[in-house]
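Colleague: Could you take me closely through the helix packing and the nonpolar core of this model, with the cut-offs behind each term?

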Amino acid sequence: MVGYSPAERRRQLTKLEYGLAGAASGAFTRAVLQPLDVLKIRFQLQEEPLKRGLPSSKYTSIIQAAGSILREEGPSALWKGHVPAQALSVIYGIAQFVTFEALTYTAYPLLPSNITSGIFKPVYYFVCGGVAGCVATVASLPVDVLRTRLVSQGEPKVYVSIPHAVRSMYKEAGVRTFYRGLTPTLMQLFPQTGLQFGFYALFTKMWNSTKEKTEYTPASSIQSLVCGGMAGVCSKSVVYPLDVFKKRLQIQGFEEARRKFGHVSRYDGLLHCARTIARQEGLQGLFKGLSPSLLKAFCSAGLTFASYEKCCQWLASVR
C-alpha cells in the first residue's frame, strides 16, 4: 500500500490514517534500533581512526564500542536521546508518508502509465520520495539536532534534561542552533529518501514478477521487510558521507562535552568540514560508522516499510 495505485482504490486511507501508520512504524522501528543509532553517531563523531591498537582511538569496532559504553555509562546509555529520537521518528514518519502518499495520488493522473506503473515507476517514486524526505527533514531537524547532542555527550553530562538542553542550545545562537547541518541534511535526505522509495518500488516489482499474475494481493511482511531492507542499504551507501558531515556540524558549539572522546575540530561550513575530514582522516574518514549504519539501514527501512504496510492494511480492514 506504499504509494497510490488504482488497484487499491477501495483500500485508500485518509491523510490522518496515513499519518497514524507513519507514526506507528517510526516509533516501533526507533524503539528496536536505538542502540545501533547511538553506536553509529559515536563512530561518526570520532576523529581518530577506527583501528585497534591505537591508544588515541576510543572506539574501534561495534563490539568494542558497545562494551565500552556499557562498562563506562551503563545499559541505559545505549538508549541515550531516546525520547527526542522517538519524537523525531514520529514527526518524520508522519510528514514523510503523508507527503509521499499525497504526491503519488496527485501526480498519478497527470503522468503517463509507463511512469506511474511501468518500468519508470522507481523514478516516479524517487522524485516523490525525495520531496517527501525534504518536507519531513525540515519538520523534524530541530529534534534531530537535540538528539545528536544528547547521544554524543559523555559523563558527567552537560545537559541534565531535555528542557535544560533546549534552553542551553537556544542560548548558543537562537533558533539557528536547531538547524545546524541543514544543508548537508537536505543534500543527503533528498537522494537517500528518493532512492529508498525508488529501490523499494524496484525490488517489490522484481519480487512480484516471480509470482503468478492474479488479482491484487497486499504485500506480505517478509516481502516488505526484505525489499525495504535492501532499499535501505542501497540508498544509505550512496549518500553516507553527507551523514557524517551532518553529524559533525550538528555538534559545533558543543566541543567541551566531547573532550573525553578525543580531538574535536571546528568547521566553518559544509565544504570546510568535507575538506578537513578528507585531509586529516583520509577517505575512510568519510565512511566512519558505515558498518552499524548499513546494519541499521537494512533493519530500519525493512521494519519501517513492513510495519507501515501492515498498519495501512489493518486500518483499511477496520474502516
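Modeller: What follows covers confidence, then the core, then the helix pairs.

This is a predicted model, in which local features need pLDDT of at least 70 and side-chain atom pairs count only at pLDDT 80 or more, while totals for chains, interfaces and linings use all residues. Residues are numbered from 1 along each chain as its sequence is written, and side-chain values use heavy atoms, with hydrogens and water left out.

The mean pLDDT (the predictor's confidence in each residue, from 0 to 100) is 85 for the protein, and 92% of its residues reach 70 or more. Among the helices, which are DSSP runs of H or I with at least four residues, numbered from the N terminus, confidence is lowest in H4 (residues 113-116), at a mean of 81, and highest in H3 (residues 82-107), at 90.

A nonpolar core is a set of buried Ala, Val, Leu, Ile, Met, Phe, Trp, Tyr and Cys residues joined through side-chain atoms within 4.5 Å, where buried means under 20% relative accessible area, exposed over 50% and partly exposed in between, with a 1.4 Å probe and protein chains only. The largest such core holds 25 residues, of which Val2, Phe100, Phe197 and Tyr308 touch the most other members. Two or more residues come from each of H1 (15-45), H3, H5 (121-152), H7 (182-209), H8 (221-250) and H10 (290-318), and H10 gives the most, with 5 residues. Leaving aside residues up to four places away in sequence, Tyr308 touches Val2, Tyr18, Ala21, Gly22, Ser25, Phe97 and Glu101, contact meaning heavy atoms within 4.5 Å. A second, separate core of 13 residues includes Val38, Leu39, Phe43 and Ile69.

Ser291 also lies in H10, and it counts as exposed because its relative accessibility is 52%.

Turning to the helix pairs, axes are lines fitted to C-alpha atoms, for helices over the stretch in contact, and angles run from 0 to 180 degrees between N-to-C directions. Angles under 35 degrees count as roughly parallel, over 145 as roughly antiparallel, 65 to 115 as roughly perpendicular and the rest as oblique. The axes of H5 and H7 come within 7 Å and cross at roughly 140°, which means that H5 is oblique to H7. H5 and H8 pack at an angle of about 75° with their axes 9 Å apart, so H5 is roughly perpendicular to H8. Leu141, Asp144, Val145, Arg147, Thr148 and Arg149 of H5 make this contact with Lys246, Lys247 and Gln250 of H8.
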